Amino acid sequence: MLDSRWLQALLCTVAFVVTIIYLGQTAFAGYLGFPLDDAWIHQTYARNLARWGELAYVRGQLSAGSTAPLWTIVLSVGYLLGVDGRLWAYLVGATCLVWMASIVYRLASLLWPDRVWTASAVAIFCALEWHLIWAAFSGMEILLFISLSLLLMDQAMTGGRPFWIGLLGSLLVLTRPEGIVLFLLVVVFILLPEEERSWHWTSVSPMLAGFSLLVVPYLVYNVIVSGALFPNTFYAKQAEYRVLLEGLPLWARLWRVVRPTLVGAQVLLVPGFIYVVWHEVRRLFAARGELAPRKLLVPFLPLLWWAAMLGIYALRLPVDYQHGRYLIPTIPLFILYGVTGMGEMLQPRSERVVVRIVSQVVLGATGALLLAFVFMGGVAYSRDVRVIECEMVDVARWLAEHAPPDALIAAHDIGAIGYFAERPLLDLAGLITPQVIPFIRDEARLLDFVQERGADYLVTFPSWYPQMVRDPSLKLVYNTRCPWTVALGHDNMAVYRVSSE
């Protein structure tokens, strides 16, 4: 096992190198931005919070559209310090990459203290996993959510103070709403008997106090602003992709959410994952009656969270776009178990020739694939940024130059438009305009809504609303003509002038 100081230095070095690889490729291609339009949504909220002290997407209009208010606050610090929003997001993301790998190291050391190299291998693998690097520079809350979830489990398993655990749970929920599921798992885990003591009911009050400190004001704010407990996006996404729930059986939805998390070197860890889970299950049954329930279930808390995340999305939002970004938080957990299992199975110094050769080949292939995907992930990141810049950002800049300051713009992707154009908006995805959620995929009703509200422009990819854009009341006034989007088999974003007739 590497000394912790050497490991921290190595992780910082890795973060610096992958920053050069990912941002360098993007800058060399002529663009420097984010691979998702949603990242500009967070930037808009953060800038407005720093400017006016409002959690608002449009000045003067409080919004319950942000699913990650904690991430908004973190980003707003950069604006308060006068740092470029992109640069600050990159710095925070790279920091979270190191932080996440460090906590995974601690979890591995806690779960399997006798496996000396496992913890270091898990941390380094996570720091080099391409989805996690992509997430670090995505401008999104993904790695903050992962780091907080890992820290919450670490504190639960090491006997952290109940109030602090509750506070961590509240921060997790303010980063992503589904964090409440992990908090509930942690509560049940902590209540289990430890040693000869009885159930820990006395821990409930301080945990709930810490949890309520931030979550209750957040929920009250949502109810006041939107009339619902959770952010608008929580409901809008499920309504928008309900067709997947109706058209796919559960097993297909489950595979749909698992599949993108296995793209990379971690696919070679599947045997190790199965091996260590099977080993822990056998240990659980063998030790029944000998160990207290909490000690028995320590190795299963991260595993339960991994399964819960996949199950939640398979049941409610089975989408796999953008490299499976909603499921990226499950990847470090899979690596934690997969690397540990492979470490037990492989014997690169075995006296048996076949075992030694197979082990060395598997280790070499895993390392080579891990490094190869670092560079391939950088190519994917650069391509994603380029598309967002030459589609969403290009349209936003066109609107900033050609649309009157008071023009009302209806759009499905509002991130870059909100940031660069700073015009009044109707959000057809329901983020800041929750009124559209009941008919979010009904094109005729959406067009009626757009016209009734007096929108001046409609911005969308034509393929997203094929019937609506053919309506004679819409006149095409701008098209990005981005060649890279067409080369990927998609259409270009377009701006339509809206007539009320």
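These questions and answers cover the fold and some aromatic contacts of a predicted model.

User: How do you know which residues and atoms count here?
Analyst: In this predicted model, local features need pLDDT of at least 70 and side-chain atom pairs pLDDT 80 or more, while totals for chains, interfaces and linings use all residues. Residues are numbered from 1 along each chain as its sequence is written, and side-chain values use heavy atoms, without hydrogens and water.

User: How do you know whether the radius of gyration of the protein chain agrees with a compact globule?
Analyst: The radius is taken over C-alpha atoms, and the globule rule is 2.2 Å times the number of residues to the power 0.38. For 501 residues a compact globule would have a radius near 23 Å. The protein chain has 24 Å, so the two agree.

User: What makes Phe 273 and Phe 334 a stacked aromatic pair?
Analyst: Rings of Phe, Tyr and Trp (its six-membered ring) pair if their centres lie within 6.5 Å; planes under 30 degrees apart count as stacked, over 60 as edge-to-face and the rest as tilted. The structure holds 22 aromatic pairs. Phe 273 and Phe 334 are 4.7 Å apart, centre to centre, with 20 degrees between the planes. That pair is therefore stacked.

User: Why does the pair tie together separate parts?
Analyst: Phe 273 lies in helix H14 (residues 270–286) and Phe 334 in helix H18 (residues 331–345). The parts are 61 residues apart in sequence, so the pair ties them together. Helices here are DSSP runs (H or I, at least four residues), as are strands (E, at least two), numbered from the N terminus.

User: What makes Tyr 313 and Tyr 326 an aromatic pair?
Analyst: Their ring centres are 5.6 Å apart, with 25 degrees between the planes. Tyr 313 and Tyr 326 thus form a stacked pair. Tyr 313 is buried at 7%, and Tyr 326 at 11%.

User: How do you know that the charged end of Arg 47 sits over the ring of Tyr 419?
Analyst: A charge sits over a ring if NZ of Lys or CZ of Arg is within 6 Å of the ring centre and within 35 degrees of the ring normal. The charged end of Arg 47 is 4.1 Å from the ring centre of Tyr 419.

Key: Buried < 20%, exposed > 50% of the residue type's maximum accessible area, 1.4 Å probe, protein only.
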